[in-house]
Amino acid sequence: SIASSNTGLNRFHDKNSKSPRILITGGLGQLGTECAKLLRKNYGDENVILSDIIKPSDENLMSGPFIFADILDFKGLQKIVVNNRIDWIIHFSALLSAIGEQNVPLAVRVNIEGLHNVIELAKQYNLRIFVPSTIGAFGPDSPRNPTPNVTIQRPRTIYGVSKVHAELLGEYYHHKFGLDFRCLRFPGVISSDPPGGGTTDYAVSVFHEGLLHKKYECYLEPETRLPMMYIDDCLEALFQFLNAPEDKLRRRVYNVTAMSFTPEELFAEIKKHIPDLHITYNPDSRQNIANTWPQVFDDSEARRDWGWQHEYDIDKLVLRMIQDVSENFI
Ligand code: AKB
């Protein structure tokens, strides 16, 4: 994993500077536990607090502190920030694209009201705040191949709308109040830990189903091209960007990606390792979402400004996922 492949502690912090104290919200989603591992490796176990409203497993509790935090409870959050002397917030709590469409009022509360709470808190206590955005922040009017950093957005999902709102509010707070707001637009993130309720989830499920049952029914059409990245690259981008000096940042919101592929191309690569994998297609409402999203994401500004570079292309990703899922889930 990225945490163990790092060359050592404090890659970006000199030995004499104090480690930041970091709160991760929505910490038991797809990115939280792996992100905590990486940050703990760099800043010390006790300095990274994972939080969620979900009950943690024993494994979640293994590497450092976990607390209950409800992002809809402003006072509760305030107490956590003060009592734990938090310096940075990584705000992962959100309902993803497909699940958000099934419960729009809840998505509005979690994705928009929750964001209001953490951003206001970050302003009041002068915290650095990272909020992930997504390829889902684009829509049918956006150029799809490639999709540049600054262009028409106008998404058609509540998830996308909430992420555009987060991007704009964060930029506004930065310019108006000097808030240290940082935001990366991620593509579909692929990890052996399952995501929940996204449009790009097929690219994770196929590994689990494929290795267990040798068959997978895909809910997207075979030629649906979407940008993707392996979780180690995603967290590496987050880590580098969090630590990028202010003078390198020409904007507060950057596209990042690693590759783009269609289901057909991914399955062909997996079949090199699991030749008897049987694929069927049965597109559902997620196809309509995917049809409005970028096919190829232009992240040249992140590469130019703060040196973003990905490590995993499709062949390396497939090898690594087969290994991860076989070791941890089969
Ligand atoms: C989703 O599919 O909703 C997410 C995303 C691309 O933001 N994985």
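Me: Let's start with helix α8. Which of its residues are buried?
Reply: Helix α8 covers residues 202-213, and its buried residues are Tyr-202, Ala-203, Val-204, Val-206, Phe-207, His-208, Gly-210 and Leu-211. Buried means under 20% relative accessible area, exposed means over 50%, and partly exposed is in between, using a 1.4 Å probe and protein chains only. Helices (H or I, at least four residues) and strands (E, at least two) are DSSP runs, numbered from the N terminus.

Me: Before I go on, where do the numbers come from?
Reply: This is a predicted model, where local features need pLDDT of at least 70 and side-chain atom pairs count only at pLDDT 80 or more, while totals for chains, interfaces and linings use all residues. Residues are numbered from 1 along each chain as its sequence is written, and side-chain values use heavy atoms, with hydrogens and water left out.

Me: Ok. What follows α8?
Reply: Lys-214 does. Its phi is positive, about 60°, although Lys-214 is not a glycine. Lys-214 lies in the loop between α8 and β8 (215-218).

Me: And why is Lys-214 called partly exposed?
Reply: Because its relative accessible area is 33%.

Me: New topic, the ligand. Which residues are around it?
Reply: Leu-96, Ser-97, Thr-134, Ile-135, Tyr-159, Gly-198, Thr-199, Thr-200 and Trp-293. To count as near, a residue needs a heavy atom within 4 Å of the molecule.

Me: How does that shell split by class?
Reply: The shell has four nonpolar, five polar and no charged residues. Here Ala, Val, Leu, Ile, Met, Phe, Trp, Tyr, Cys and Pro count as nonpolar, Asp, Glu, Lys and Arg as charged, and the others, Gly among them, as polar.

Me: Which polar atoms does Tyr-159 bring to the ligand, side-chain or backbone?
Reply: A side-chain one, 2.6 Å from an oxygen atom of the ligand. With Thr-199, a polar backbone atom is 2.6 Å from a ligand oxygen. Thr-200 has a polar side-chain atom 3.0 Å from a nitrogen atom of the ligand.

Me: How much of the ligand does the protein cover?
Reply: The protein covers 94% of the 250 Å² of accessible area that the ligand has on its own. Those areas come from the Shrake-Rupley method with a 1.4 Å probe; for residues, only the protein chains shown count as cover.

Me: Switching to Glu-167. Where is that, and what does its side chain meet?
Reply: Glu-167 is in helix α7 (residues 158-177). Its side chain and that of Arg-185 are joined by a polar contact of 2.7 Å. A polar contact is a pair of N or O atoms within 3.5 Å; within protein, one must be able to donate a hydrogen and the other to accept it, and residues adjacent in sequence count only if both atoms are side-chain atoms.

Me: Why does Glu-167 count as buried?
Reply: Because its relative accessible area is 2%.

Me: Last one: what joins Asn-145 and Pro-146?
Reply: A cis peptide bond, with omega about 0°. Pro-146 is in the loop between β5 (128-134) and α7. Arg-154 lies in the loop between β5 and α7 too, and its phi is positive, near 45°.
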